[in-house]
Amino acid sequence: MQDDDFMNPGMSAVEAGAEVFSEPGQNGKSCSSCHGDGGGKLNTGNIAKYPIYSDKLGKPVTLQQQVHACWTDNLGNEPLKYDSSGVLELEVFVRNLARGQKVNVQTDGAMQPFWEKGKEIYHTRAGQLDMSCNLCHINYPGLKIRANTLSQGQSNGYPAYRLKNGKINGLHSRFNGCYKQFRAEKLPPGNDDYVALEVFVHSRGNGLDIETPGVRF
Amino acid sequence: MKKLPCILTALGILVAIPADAGDKYCVWKADNLSINESLCGLTGSAERGRKLAYERKKGNCLACHKMPIPEEQFHGNIGPPLDGVGSRYSAGQLRLRLVDMKILNPMTLMPGFYKNPDDLIRVMKQFQGKTPLTAQEIEDVVVYLGTLK
């Protein structure tokens, strides 16, 4: 289903994103003005590196945050909530352009402390059911919880279409979905802890092909 | 029971009554990897325990353990199968595993069903201060597991 563009339900979000990409913002410019029609001038190898370290901000920046920064600063639009449909569709469109590129997230140098923070969060138990990401996704993938098979929890297909809720899901929203399962409090998508977690989770997929939009349970 | 503190306070009498004595955390003691005394001295029922084993919002044991509960499909296999577990472990040993399996295996995926809620972090509001199973429910499951010979 995922490999057939006509059957992949996530492709409608890609198409929606393509429209937004060419729409002029409040100041008359559109994404296409700088990045070319359909994102033709974008370097897909660079897209595969996100989240990248921003010297200006002194911390990592996710692809969605980068897109959103352009959306407000360069196009003059009103800010949008993280993982809300407008900016999420743009992220899906842009990352889909890099489909087939190998995930290539930096983990050393300036990125290292944030990668370590993400790794720490990944290994920290939380919630009433006292679980952590590593237990399902590093220790026990392949085993079955009821009828589901535990996966490695890779993010190379994100934002992905989830059959569970019938729509495109951003990665931070997916983190919240997991935390809900072990009765842990959600965090607001876009917060620093989830950005660090995204650095770590994406880096676990270094070398895998980007599959956005993935089709997942 | 909840109106009593108000009446007493109105009469000028300050009384310390726990807000809901039924939810008080039963203090337990592990001795040689076994919790020999039943929580708060409660007695369990195997019939209730069996139901708790497959209810998703309760024990949900079938999520990870294969059990002799044929009417439910798709038992998980993350934990060991529980057929015959009543012959392998005493009630005290079973109780320890239910209360907090992390005592035996720090890398376990199994929730601490009677772990002290104060030791948990970032718990969803509606579950704060509560254990996944009550003391009575733990005792029910212990008795039920004891019947699996």
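In the predicted model, 3 salt bridges are found across the interface of chain B and chain A. One of them joins the side chains of B:Lys115 and A:Asp130, with an N to O distance of 3.3 Å. Polar contacts between chain B and chain A amount to 15 residue pairs, both members of each being at pLDDT 80 or more. On the side of chain B that touches chain A, 16 residues are nonpolar, 7 are polar and 8 are charged. The contact involves 31 residues from chain B and 27 residues from chain A. About 2600 Å² is buried between the two chains, and carbon and sulfur atoms contribute 55% of this area.

A residue of chain B that takes part in contacts with both chains is B:His75, whose neighbours, apart from residues up to four places away in sequence, are A:Arg146, B:Leu62, B:His65, B:Lys66, B:Met67 and B:Ile69. B:His75 is located in the loop that runs between helix 2 (46-54) and helix 3 (85-88) of chain B. Polar atoms of the B:His75 side chain are placed 3.2 Å from the backbone nitrogen of B:Met67 and 2.8 Å from the backbone oxygen of B:Glu72.

Within chain A, two helix pairs were examined. The axes of helix 1 (residues 11-22) and helix 5 (residues 85-97) of chain A approach within 7 Å and cross at roughly 100°. Because angles of 65 to 115 degrees count as roughly perpendicular, helix 1 and helix 5 of chain A are assigned to that class. Helix 1 of chain A contributes A:Met11, A:Ala13, A:Val14, A:Ala16, A:Gly17, A:Ala18, A:Val20 and A:Phe21 to the contact, while helix 5 of chain A contributes A:Glu89, A:Leu90, A:Val92, A:Phe93, A:Val94 and A:Asn96. By class, these residues comprise 11 nonpolar, 2 polar and 1 charged.

For helix 6 (residues 112-122) and helix 9 (residues 192-204) of chain A, the axes come within 7 Å and the crossing angle is roughly 90°. Helix 6 and helix 9 of chain A are therefore also roughly perpendicular to each other. From helix 6 of chain A, the residues in contact are A:Phe114, A:Trp115, A:Lys117, A:Gly118, A:Lys119, A:Ile121 and A:Tyr122, and these meet A:Asp193, A:Ala196, A:Leu197, A:Val199, A:Phe200, A:Val201, A:Ser203 and A:Arg204 of helix 9 of chain A. The contact of helix 6 with helix 9 of chain A contains 9 nonpolar, 2 polar and 4 charged residues.

How values were computed: Residues numbered from 1 in each chain as written. Chains lettered and ligands numbered in written order. Predicted model: local features only at pLDDT ≥ 70, side-chain atom pairs only at ≥ 80, totals over all residues. Heavy atoms only, no water. Contact = heavy atoms within 4.5 Å. Buried area = accessible area lost by both parts, 1.4 Å probe. Salt bridge = Lys/Arg side-chain N within 4 Å of Asp/Glu carboxyl O. Polar contact = N/O pair within 3.5 Å; in protein donor to acceptor, adjacent residues only side chain to side chain. Nonpolar A, V, L, I, M, F, W, Y, C, P; charged D, E, K, R; others polar. Axes fitted to C-alpha atoms, helices over the stretch in contact; angles between N-to-C directions. Helix = DSSP H or I, 4+ residues; strand = E, 2+ residues; numbered from the N terminus. Parallel < 35°, antiparallel > 145°, perpendicular 65-115°, else oblique.
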